[in-house]
Amino acid sequence: MDATVDPASGPRRGRPGHDQQTVLNMAVDVFNRHGYEATSMGILAENLGITKSAIYHHVPSKGDLLRLALDHALDGLEAVLDDPQAASGPADVRLEFVLRGTIQVLTERLPFVTLLLRLRGNTEIERSALARRREFDHRVAGLVEAARSEGSVRSDIDPRTTTRLLFGTINSIVEWYKPGGPLPAQKLADNIITMVFDGLHTRR
């Protein structure tokens, strides 16, 4: 109950109006603005407008906030690859499905994916997340290679270059895309897919 008194810290204040998801959302915003390492629990509490004890009511540590945030980003990305539409059919169709799904996750979970892409790998939680991200990249690269082998995408470009450019293009979304702005997420996905598969030249 909220009225419970912690003998070590006195009454827990600041919890009303904040659930774990709200605290997590606000913490991710602070992490992205200040950097995870530079953000103390005191800074989090100040930015959230609650006490540190109120944060500890929801999570045991700052690291747990990071883990929850990274899981939210990675679970969304991995769910795209685990979808049946990513597992059967022509490789280029599967690749397009995965790219569209990835873009959707990035736009819907933008602050969380932003945090993921800015990791430095300084903690075990970060290293574990980076390993999952590398596995995701590896599986997408496998789709690119499969489409190349099938002849549905051009084979005269080095596959590693293709894969890196794909990831570079999609990952850059977190740096400039504004949800709720003039470019809807679906139109963004259409634009990127058109450029990836058709290029910029007009058809003659």
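Student: How many helices and strands are there in the chain?

Tutor: The chain has 10 helices and two strands. Helices here are DSSP runs of H or I with at least four residues, strands are E runs of at least two, and both are numbered from the N terminus. This is a predicted model, in which local features need pLDDT of at least 70, side-chain atom pairs count only at pLDDT 80 or more, and totals for chains, interfaces and linings use all residues. Residues are numbered from 1 along each chain as its sequence is written, and side-chain values use heavy atoms, with hydrogens and water left out.

Student: What pattern does the chain follow along the sequence?

Tutor: It reads β-β-α-α-α-α-α-α-α-α-α-α.

Student: And what does the C-alpha trace span?

Tutor: About 75 × 35 × 30 Å along the principal axes of the chain.

Student: What share of the residues counts as buried?

Tutor: 37% of the 204 residues. Buried means under 20% relative accessible area, exposed means over 50%, and partly exposed is in between, with a 1.4 Å probe and protein chains only.

Student: Which residues have the most contacts inside the largest nonpolar core?

Tutor: Leu44, Ile55, Leu65, Leu116 and Ile173, in a core of 53 residues. Helix H4 (residues 62–82) gives the largest share of this core, nine residues. A nonpolar core is a set of buried Ala, Val, Leu, Ile, Met, Phe, Trp, Tyr and Cys residues joined through side-chain atoms within 4.5 Å.

Student: Take Leu44. What is it in contact with, leaving aside neighbours within four places in sequence?

Tutor: Leu44 touches Ala27, Val30, Phe31, Thr39, Ile55, Lys62 and Leu65, with those neighbours left out. Contact means heavy atoms within 4.5 Å.

Student: On to helix packing. At what angle do H1 and H4 pack?

Tutor: About 95°, with the axes of helix H1 (residues 20–34) and H4 10 Å apart. That makes H1 roughly perpendicular to H4. Axes are lines fitted to C-alpha atoms, for helices over the stretch in contact, and angles run from 0 to 180 degrees between N-to-C directions. Under 35 degrees counts as roughly parallel, over 145 as roughly antiparallel, 65 to 115 as roughly perpendicular, and the rest as oblique.

Student: Which residues make that contact between H1 and H4?

Tutor: H1 brings Gln20, Val23, Leu24, Ala27, Val28 and Phe31, while H4 brings Lys62, Leu65, Leu66, Leu68 and Ala69. By class, the contact of H1 with H4 has nine nonpolar, one polar and one charged residues. Ala, Val, Leu, Ile, Met, Phe, Trp, Tyr, Cys and Pro count as nonpolar, Asp, Glu, Lys and Arg as charged, and the others, Gly among them, as polar.

Student: How do H4 and H7 cross?

Tutor: At roughly 10°, and their axes come within 10 Å; H7 covers residues 124–150. H4 and H7 are therefore roughly parallel to each other. Among the H4 residues in this contact are Leu66, Arg67, Asp71 and Glu78, and the H7 side includes Ala129, Arg132, Arg133 and Phe136. By class, the contact of H4 with H7 has nine nonpolar, one polar and nine charged residues.

Student: Now Thr107. Buried or exposed?

Tutor: Thr107 is buried, with a relative accessible area of 10%. Its place is in helix H5 (residues 91–108).

Student: Which backbone oxygen lies 3.0 Å from a polar atom of its side chain?

Tutor: The one of Gln104. A polar contact is a pair of N or O atoms within 3.5 Å; within protein, one must be able to donate a hydrogen and the other to accept it, and residues adjacent in sequence count only if both atoms are side-chain atoms.

Student: What else does Thr107 contact, leaving aside neighbours within four places in sequence?

Tutor: Ile173, Tyr177, Pro179, Ala185 and Leu188. Ala185 lies in helix H10 and is partly exposed at 32% relative accessibility.

Student: Last one, Thr163. Where is it found?

Tutor: Thr163 is in helix H8 (residues 159–171). It counts as buried at 10% relative accessibility. Beyond neighbours within four places in sequence, Thr163 is in contact with Ala141 and Val144.
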